[in-house]
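Colleague: I am new to this structure and would like to know what stands behind the words used for it. Could you take me through them?

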Amino acid sequence: MTQSELAFNTLQRLIEEGRLKPGSMISERGLMAITGLGRTPVREAIQRLERNYMVRVHPSKGIEIPANSVEDQLSRLEVRRAMEVLAVGLACKRATAKDLELIEAMATALKADFSFSDYAETVRQTHKLIIDSAHNPYLEALMKPLQALSRRFWMTHVRDENAEVLRGKTLHREILLAIAERNVRRAEAASLALNDYLVEFALRTVNENVRTGGGWF
């Protein structure tokens, strides 16, 4: 892994997990201090993150961590829904023997209990397995940012960690098992079920926020 990739992965995780807070501003120097990496890899990571809608660069002002709104999440999910159905269908048809070995191992791993942070990493790995198994670099370029932004919303708005992890891992495991069987219809149905859950989670989030006086955000 290059230093640029390390900077990108580190900063994306911090944004996904809410440790770089939505609406906050930070300097390039501040990100260098957080990552412990030099100006060039951090600058390259910032450029990638901006292309992926993870940050906004304001010349002479700093780097903004964008708001994490329900409206944005629902718009993203409209696109992710269609792209992910395509991805799982391609994965069923194109997964190699090695891909299937990794998918079956992850499906088995998802039967275990997880802490919230461990589960978040498992979700990242699950998404990567599905994308890798589709063997389409253009789809990969579209899906990775969408999935990262969706994870960011989910991770920063979970309230009942145990309940949401249980539901999430069950839905992800069903997708993996379907791909392992090369069952396109089952995989597509499982993908739609996951995206239905994510939409329901987003709407439930805004309803809970309104009820507690936070309004629509």
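Modeller: What follows is a set of questions and answers about this model, which is a predicted one.

Colleague: How do you know that the length of helix α1 agrees with its number of residues?

Modeller: Helix α1 covers residues 3-16, which is 14 residues. The expected span is 1.5 Å times one less than the number of residues, so 20 Å should separate the ends. The end C-alpha atoms are 20 Å apart, and therefore the two values agree.

Colleague: Which residues of α1 are buried, and what do they pack against?

Modeller: The buried residues of α1 are S4, A7, F8, L11, Q12, L14, I15 and E16. They pack against four helices: α2 (28-35), α3 (39-51), α6 (116-134) and α7 (137-157). As background, an α-helix has 3.6 residues a turn, so residues three or four places apart point the same way.

Colleague: Why is Q12 called buried?

Modeller: Buried means under 20% relative accessible area. Q12 has a relative accessibility of 12%, so Q12 counts as buried. Q12 belongs to helix α1. Leaving aside neighbours within four places in sequence, Q12 is in contact with L49, M54, A148 and R151.

Colleague: Why is E140 called partly exposed?

Modeller: The partly exposed class lies between the buried limit of 20% and the exposed limit of 50%. E140 has a relative accessible area of 26%, so E140 is partly exposed. E140 sits in helix α7. Not counting residues up to four places away in sequence, E140 touches I131 and P145.

Colleague: How far apart are the C-alpha atoms of E140 and K128?

Modeller: They are separated by 9.0 Å, and the two residues are twelve residues apart along the chain.

Colleague: What does α2 pack against, and which of its residues are buried?

Modeller: In α2 the buried residues are E28, G30, L31, M32 and T35.

Colleague: What makes up the largest nonpolar core?

Modeller: The largest nonpolar core has 43 residues, and those touching the most other members are I130, L139, W154, I175, L176, I179 and Y197. At least two residues come from each of α4, α5 (97-109), α6, α7, α8 (161-180) and α9 (184-211). Another core lies apart from this one; it has 20 residues, among them F8, L11, I26 and V55.

Colleague: Which residues does I179 touch?

Modeller: Not counting residues up to four places away in sequence, I179 touches V88, A91, C92, L100, I103, I130 and A187.

Colleague: What lines the largest pocket, and what is its volume?

Modeller: The volume of the largest pocket is about 580 Å³. The lining has 22 residues, and F8, N9, Q12, K128 and K144 lie nearest the centre of the pocket. Each of α1, α3, α6 and α7 supplies at least two residues of this lining. By class, the lining holds five nonpolar, six polar and eleven charged residues.

Colleague: And what lines the second largest pocket?

Modeller: The second largest pocket has a volume of about 300 Å³. Of its 14 lining residues, Y53, R76, P145, L146 and L149 are the closest to the centre. Two or more residues come from each of α4 (70-94) and α7, and α7 gives the most, with five. The classes here are nine nonpolar, no polar and five charged.

Colleague: What makes a space a cavity rather than a pocket?

Modeller: In a cavity a 1.4 Å probe fits but cannot get out, whereas a pocket is open. The structure holds one cavity of 30 Å³ or more. The largest cavity has a volume of about 140 Å³.

Colleague: Which residues line the largest cavity?

Modeller: There are 14 of them, and V123, R151, W154, H172 and L198 lie nearest the centre of the cavity. The elements giving two or more residues to this lining are α6, α7, α8 and α9. By class, eight lining residues are nonpolar, four are polar and two are charged.

Definitions and conventions:
Residues numbered from 1 in each chain as written. Predicted model: local features only at pLDDT ≥ 70, side-chain atom pairs only at ≥ 80, totals over all residues. Heavy atoms only, no water. Buried < 20%, exposed > 50% of the residue type's maximum accessible area, 1.4 Å probe, protein only. Contact = heavy atoms within 4.5 Å. 1 Å grid on protein atoms, 1.4 Å probe; cavity = no way out; pocket = protein on both sides within 12 Å on 5 of 7 lines; lining within 4 Å. Points joined across faces, edges and corners; volume = space filled by probe spheres on them. Nonpolar A, V, L, I, M, F, W, Y, C, P; charged D, E, K, R; others polar. Core = buried A, V, L, I, M, F, W, Y, C linked by side-chain atoms within 4.5 Å.
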